[in-house]
Amino acid sequence: MSVSVLAALRTFKKHALIVLAVIVGFTVGHLVNANFYSDDAPVQPIEFSHRIHAAENEIPCMHCHVHAATSINAGVPSVNKCMNCHRAMPGVWESPEILKVRGYWERSEPIPWVKVYDLPDFVYFPHKRHIQAEVECQSCHGDVQEMDRVEKVSPLKMQWCLDCHKTREVENGRDCWTCHK
Amino acid sequence: MSAIDRRDFLKLVGAGTAGAGAGFLVKESSRDRREQYIPYVATPEDYAPGIATWYKTVCRQCNAGCGIQVRIREGRAKKIEGNAMHPVSQGRSCALGQSGLNVLYHPDRLRTPQQRRGDRGSGSFAPISWEQAYTSVAERLASLRRAGKGERIAVLTGTVQGHMHDLLEIFMRGLGSERYLQYDFSSPESLLAANKTTYGREELPYYDIANADFLLSFGADYLSHWLSPVHHGMAYGNLRQGAGRKRGDVVQVEARMSLSGANADKWLPARPGSEGLIALAIANKIAGGSGGLSAYTVARAASASGLTAETIEELAVAFTTADKPLAIAGGPATHSSNGTANAVAVNVLNAVGGGALVANPSPVIGASATNRRAGFADIRKLIADMSAGSIDALIIADTNPVFSVPDQFGLRAAIESVPFVTAISPFVDDTSAMADIILTPHSALESWGDDAPQPGVGLSTASIAQPVVAPVHDTRALGDIIIELGRRLDNNVATTLPWDTTYDFLRAQWRKIYDARAGSLDGMNFEEFWNSVLQAGVWAEERKGPALAVTSGVIDPGTPVIPDGEFSFHFQPYISPIFADGRGANLPWQQELPDPLTGVVYNSWIELNPATAKEMKLKDGDVVEVSSASGSLRAPVIIYPAVRPDVVAMPIGQGHQHYGRYASKRGANPLAILNDTVDRDSGALAWCATTVSIKSVGERVALIRNSGTPRELGRSILGPYGEGGKTRHESDDDHG
């Protein structure tokens, strides 16, 4: 009886192999995307390198992220700010990435940066509090000055926030209302 | 198993590759979309993300002219509060003022100019460009002007204060037309007429409620809408519990208890139309029979009003014993057929009893705007002219007369007979739905302007209104529309309007104010002066008004009408504290704000006394038909203990045919069924003088109200009533 089943399947064998190949391929493609094309380091509209700016040229963080110490948002520089410095730097004026910046400036378009660190709307996170408490930028954002493309290094989960609040003995640092208000 | 040949191998490789690609894309598409972080191209001045900036400007939600400040974050207006430096609002604001944000970001706001598609009044429009809109309006006006028919162009606006009024005057002179009217339903027309009779000047003095210690209000709901409600709210607080003074007493005389009545010590439900007789009887009592008032006896007032003679005499005693008494008139008292006479009677009472009035200095800016304030008689004349075909073009800006003028007067048909109608309106409302072209103006929070509050607060005050956000849609400032239309007419008109923008015009006018006072402004140059006014939101100087000299005597208020026959109820529409004269009905925050006295949201209703309701076997939510000699409407009943049994009261504001998604075809408009009764002295619309009948139509609706039950249900909220803690309300079947 088993012989007759095998005989019946035989004609489908090649089709079954093709279906199997599709399934295996699908799984591999899915895994490749999930593991090697991570959300943690999204491709930005301009290949802006923090390494060149912050490490090689030693520009302090808050030269560009001007509002970090005074506002809940650190702020991203305007296109105008990029251009202000780069107009004075003929050496890289024609480089491909600067040409992109110049393009945005000439079209009067803002640069649509992709957020790397994004908190849900129900979390109140003020940058200024953390700067005033002398938390280093790097303690949450990692060694940004070593990165060409910024990569998310912190999970931004509640436990991770609380661990730090506990270690640093933050006043009211474990109250729900401190962050969820 | 058969061997895999070359052909099969290629098939398998192809299938695997296709699968891998599909897997990659499926995972990619299942990711959350990344948020973007979009900076400015060039950061505007004083902008920081996450940090709010407050800008001072002037509220335009009613005509009180409160100074406000608006919280701006990331270029968006977030919250409106009162401007603490402004003498009218002193840091306070009202619900309607707060809803200014709703106007700015309203989903039904017209984003570009519109051209009519369907019939007039159908509300069907198609967007057109500003160039097309300007061209079609200007061509029409210019051709009329060229044909020497400039005077056949009429402009009808709401209350336009400050220098914007002067700009309109210049424009109208250029057109060669005298037909420029400002019409506002809630304008205190009879009060102004009465003040002209009593003091010789058609102005409002400052009614000093804050410093009075006995306030006698004849129908003036000063806490919800009368003249300047935010200011009066503060004044009331000071009267009641100001530091270092004794608590003032408040008595409210009105047939239907308003919010102010609910906050008074005593509410006296006098018969509608008898208010003047009561005021004169008190004045007569104070004057001791002299001063030509001897005909106005307490007995006459008592029989006319239904109040007892003792009550009226007590009022006279309270008025005399108070250090600073004050009587005010408004609402139903001034909007019945003897409204002016009632208001004159109250003026006489203040004159005899030493009422706490302060004369206002003439406004610094826009003083001539009062000349264009249309009385209802002017509106009737305009309707007659339109119907007779003497108007070829009509421009209506910022007012909704089709809603607020009773159908009986035929305004709708008159507008339909005008060949060319332009509306300057941010919304399709009952009036702009009749227009051929709608020009879409900025909201108040996007425009330059200025204002001298009317009524003033006893000192000379002016404020500059500045835009607090960049325009949200493709709209233009009212002033810019006027300037641009003027330019396109012809050179003669253009030279009278030499400014490029409203801003330039305003600066030029304020330079004149500065120049007239340059010596006395601490050596400030003009820029410093301008910036300091912008920063403070207001500028004031000490200047006294001429004393209020009483020039004339009494107008006899006559005997109040007692309704009988078919229409056996007084019909008293009242201006809603939420929608004002109806302008707030399209704002969602206002629609969901419960009425302070009945707790109803989203609907119209009529208020009936429990005794009347019981007699007619009506319960809360029973729909009735309210009929006057001029029309009828349907609305559910609310049993309201604080209304006379012979009065049917109804809030104004709902019942729009067109006014956006939140207001259109919601509820009923009480103004639509009013008779054509006017005040016999001033000609003002007597919107409290109609009599009606009511009959049940056998339907019920569930009213949405947040008040639950008017009973205590044993919770002893009002305190124990006698032995055993039984409460007053529990022992009473008729809602107390």
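At what angle do the axes of helix α9 (residues 275-287) of chain B and helix α10 (residues 298-305) of chain B cross? In this predicted model, in which local features need pLDDT of at least 70, side-chain atom pairs count only at pLDDT 80 or more, and totals for chains, interfaces and linings use all residues, the two axes cross at roughly 160 degrees and come within 8 Å. Residues are numbered from 1 along each chain as its sequence is written, while chains are lettered from A and ligands numbered from 1 in the order in which they are written. Axes are lines fitted to C-alpha atoms, for helices over the stretch in contact, and angles run from 0 to 180 degrees between N-to-C directions. Helices (H or I, at least four residues) and strands (E, at least two) are DSSP runs, numbered from the N terminus.

The crossing angle of roughly 160 degrees makes α9(B) roughly antiparallel to α10(B); angles under 35 degrees count as roughly parallel, over 145 as roughly antiparallel, 65 to 115 as roughly perpendicular and the rest as oblique. The crossing of α9(B) past α10(B) is left-handed, a term used if the near helix is turned anticlockwise from the far one by less than a right angle, with right-handed used if clockwise. On α9(B), L277(B), I278(B), A281(B) and K285(B) meet V298(B), R300(B), A301(B), A304(B) and S305(B) of α10(B). Two residues are in contact if their C-beta atoms, placed from the backbone, lie within 7 Å. This contact of α9(B) with α10(B) comprises six nonpolar, one polar and two charged residues, where Ala, Val, Leu, Ile, Met, Phe, Trp, Tyr, Cys and Pro count as nonpolar, Asp, Glu, Lys and Arg as charged, and the others, Gly among them, as polar.

Y134(B), V137(B), A138(B), L141(B), A142(B) and R145(B) of α4(B) form the contact with E484(B), L485(B), R488(B) and L489(B) of α16(B). By class, seven of these residues are nonpolar, none polar and three charged.

Chain B is divided into domain 1 (114-186 + 375-441 + 476-498), domain 2 (190-358) and domain 3 (569-700), with bounds that come from an automatic or database domain assignment. The C-alpha centres of domain 2 and domain 3 of chain B are separated by 26 Å. Their contact takes 22 residues from domain 2 of chain B and 24 residues from domain 3 of chain B. On the domain 2 side, α6 (189-199), α8 (259-262) and α12 (339-353) of chain B each supply at least two residues, and α12(B) gives the most, with three residues. That side holds ten nonpolar, eleven polar and one charged residue.

In chain A, the assignment gives domain 1 (2-36) and domain 2 (50-76 + 113-179), with C-alpha centres 48 Å apart. The mean pLDDT (the predictor's confidence in each residue, from 0 to 100) of chain A is 89, and 93% of its residues reach 70 or more.

Between the chains, 32 residues of chain B are in contact with 39 residues of chain A. On the chain B side, α1 (6-30) and β1 (36-37) each supply at least two residues, and α1(B) gives the most, with 16 residues.
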